Amino acid sequence: MEAIIGALLIFFLRIGDVSLGTLRVLAMVQGRKWAAALLGFGEASVYILALVTVLNDLHDPARLLGYACGYACGTALGMTLEGW
């Protein structure tokens with residue numbers, strides 16, 4: 001059960017991290033310097049938390065799968081947010 005919870009935590013952290021990255025780039029393109037900086041801070045913070053969680057147990061394939069799936073879903077969510 002702990003492996004599933006860890007994988008889900010990483011999954012949702014990566015969704016948040018990648019989505020924040022997309023919004024950060026969008027803010028940069030629009031010239032919103034401070035918004036981009038704040039989004040970058042949030043993105044880096046969430047990324048580090050997700051990475052540390054994965055690195056704590058590299059032998060758990062569920063965590064690695066959660067990391068990869070979170071990245072893919074975060075990309076899709078970021079693109080959706082950008083479209084709005």
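Is R24 buried, partly exposed or exposed? R24 counts as partly exposed, at 22% relative accessibility. The model in which this residue is placed is predicted.

## Overall layout

The protein chain has 3 helices and 0 strands. Read along the sequence, the elements follow the pattern α-α-α. Along the principal axes, the C-alpha atoms fill a box of roughly 45 × 20 × 15 Å. Of the 84 residues in the chain, 31% count as buried. Contacts between residues at least 6 apart in sequence were also sorted by separation: 68% of them join residues at least 24 apart.

Helix α1 covers residues 2-29. This helix has 28 residues and reaches 41 Å from its first C-alpha to its last, close to the 40 Å expected at 1.5 Å a residue. Just after α1, G31 takes a positive phi of about 80°.

Helix α2 covers residues 33-55. Its end C-alpha atoms are 32 Å apart, which agrees with the 33 Å that 23 residues should span at 1.5 Å a residue. The buried residues of α2 are A36, L39, G42, E43, A50, T53 and V54. These buried residues pack against α1 and against α3, which covers residues 61-83.

## Salt bridges

How many salt bridges does the structure hold? The structure holds 3 salt bridges. In general, side chains of opposite charge can pair when their charged atoms come close.

| D17 | R14 | 2.1 Å |

D17 is buried, with a relative accessible area of 4%. R14 also counts as buried, at 4% relative accessibility.

E43 lies in α2 and R24 in α1, so the pair ties together parts that are 19 residues apart in sequence. The two ends fall into separate accessibility classes: E43 counts as buried at 16% relative accessibility, whereas R24 counts as partly exposed at 22%. The cut-off for buried is under 20% relative accessible area, so E43 at 16% falls within that class. E43 is also one of the buried residues of α2.

R63 lies in helix α3 and has a relative accessibility of 12%. Leaving aside its neighbours within four places in sequence, R63 is in contact with E2, G6, A7, I10, T53, V54, N56 and D57.

## Aromatic pair

Which residues form the aromatic pair, and in what geometry? The structure holds 1 aromatic pair. F11 and F12 form this pair, which is edge-to-face, with 5.1 Å centre to centre and 75° between the planes. F11 is buried, with a relative accessible area of 18%. F12 counts as exposed, at 54% relative accessibility.

## Cysteines

A search of the whole structure finds 0 disulfides. The cut-off for a disulfide is a sulfur pair within 2.5 Å. C73 is likewise in no disulfide, and its nearest cysteine sulfur is that of C69. Both residues are intermediate in accessibility: C69 counts as partly exposed at 32% relative accessibility, and C73 is partly exposed with a relative accessible area of 35%.

Key
Residues are numbered from 1 along each chain as its sequence is written. This is a predicted model: local features need pLDDT of at least 70, side-chain atom pairs count only at pLDDT 80 or more; totals for chains, interfaces and linings use all residues. Side-chain values use heavy atoms; hydrogens and water are left out. Buried means under 20% relative accessible area, exposed over 50%, partly exposed in between (1.4 Å probe, protein chains only). Rings of Phe, Tyr and Trp (its six-membered ring) pair if their centres lie within 6.5 Å; planes under 30 degrees apart count as stacked, over 60 as edge-to-face and the rest as tilted. A salt bridge is a side-chain nitrogen of Lys or Arg within 4 Å of a carboxyl oxygen of Asp or Glu. Helices (H or I, at least four residues) and strands (E, at least two) are DSSP runs, numbered from the N terminus. The expected span of a helix is 1.5 Å times one less than its number of residues. Contact means heavy atoms within 4.5 Å.
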